[in-house]
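Here are a few exercises to work through with the model open beside you. Try each task yourself before reading its solution.

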Amino acid sequence: MRFILSGIVFGFILVKSEVVSWFRIQEMFRFDSIHMYGIIGLAVMVGMIATMLIKKWNVKDVNGDPISIKEKDNSKTKNYIIGGTIFGLGWGLTGACPGPMYALIGSGYLIFLIPTLSAIFGALAYGYLKPNLPH
C-alpha cells in the first residue's frame, strides 16, 4: 500500500511541476525554456548524491541486503547512445516520457493510453526477440 501511495504522491508532484505538460516538453526540445532542463538537472544531482551516500554508508535494502552498485560497462557505450536516441525520439514524438504517461492517464488525458500501450508492447516484443538480437 505504501508503494501505491508513494506513486500517487509522485504522480501529483509530476503534474503540479508541469513535468508531464506536453507544452513544457515541446519547449524543452525547441530550446525555448529552461524549465525541464532545470528539473532534469536537479534529478541528476539528487541521483548522484544518493548514489554517493549509498556507497559511503553501505546502505541496505528493505530486506537488509547491502545495495551494490556495479561499475558501468563502457564497452556498451554504442548501445547506450542508440537506446537513448530511440528513447528521445519517442519522447519527442509523443510529448511524454514513459513514467509521466501514467500520471497523464491518471489526470484524464486518455489519449496517452496509445503510447503507453505501445511502450508496453515494445517492451514485450524486445523480451521476445532478445535472444535473436546482437548484444
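A helix here is a DSSP run of H or I with at least four residues, and helices are numbered from the N terminus. Keep in mind that this is a predicted model.

**Exercise 1. Find the helix that holds Thr116, then decide whether this residue is buried or exposed.**

Step 1: Look along residues 113-129. That stretch is helix H6, and Thr116 is found in it.

Step 2: Check the cover. The relative accessible area of Thr116 is 5%. Buried means under 20%, so Thr116 counts as buried.

Step 3: See what it touches. Once the neighbours within four places in sequence are set aside, Thr116 has contacts with Met101, Tyr102 and Ile105.

**Exercise 2. Work out which helix gives the most to the nonpolar patch on the surface.**

Step 1: List the members. The patch is formed by Tyr102, Leu110, Leu113, Leu117, Ile120 and Leu124. Together they have about 620 Å² of accessible area.

Step 2: Sort them by helix. H6 comes out on top, giving four residues to the patch.

Step 3: Leu124 lies in helix H6, and its relative accessible area is 59%. The cut-off for exposed is over 50%, so Leu124 is exposed. Thr116, also placed in H6, is buried.

**Exercise 3. Describe how the rings of Phe31 and Tyr37 are arranged.**

Step 1: Pick the two numbers you need. A pair of aromatic rings is described by the distance of the centres and the angle of the planes.

Step 2: Start with the overall count.

Step 3: Phe31 is exposed at 68% relative accessible area, while Tyr37 is partly exposed at 34%.

**Exercise 4. Now classify the pair made by Phe87 and Trp91.**

Step 1: Read off the geometry. The ring centres of Phe87 and Trp91 are 6.1 Å apart and the planes meet at 55°, so this pair is tilted.

Step 2: Place the residues. Both lie in helix H4 (residues 77-94), four residues apart, or about one turn of the helix.

Step 3: Compare their cover. Phe87 is partly exposed, with 40% relative accessible area, whereas Trp91 is buried, with 14%.

Conventions:
Residues are numbered from 1 along each chain as its sequence is written. This is a predicted model: local features need pLDDT of at least 70, side-chain atom pairs count only at pLDDT 80 or more; totals for chains, interfaces and linings use all residues. Side-chain values use heavy atoms; hydrogens and water are left out. Helices (H or I, at least four residues) and strands (E, at least two) are DSSP runs, numbered from the N terminus. Buried means under 20% relative accessible area, exposed over 50%, partly exposed in between (1.4 Å probe, protein chains only). Contact means heavy atoms within 4.5 Å. Patches are made of residues with over 30% relative accessible area and no salt bridge: like charges are joined within 9 Å, nonpolar side chains (Val, Leu, Ile, Met, Phe, Trp, Tyr) within 5 Å. Accessible areas come from the Shrake-Rupley method with a 1.4 Å probe; for residues, only the protein chains shown count as cover. A salt bridge is a side-chain nitrogen of Lys or Arg within 4 Å of a carboxyl oxygen of Asp or Glu. Rings of Phe, Tyr and Trp (its six-membered ring) pair if their centres lie within 6.5 Å; planes under 30 degrees apart count as stacked, over 60 as edge-to-face and the rest as tilted.
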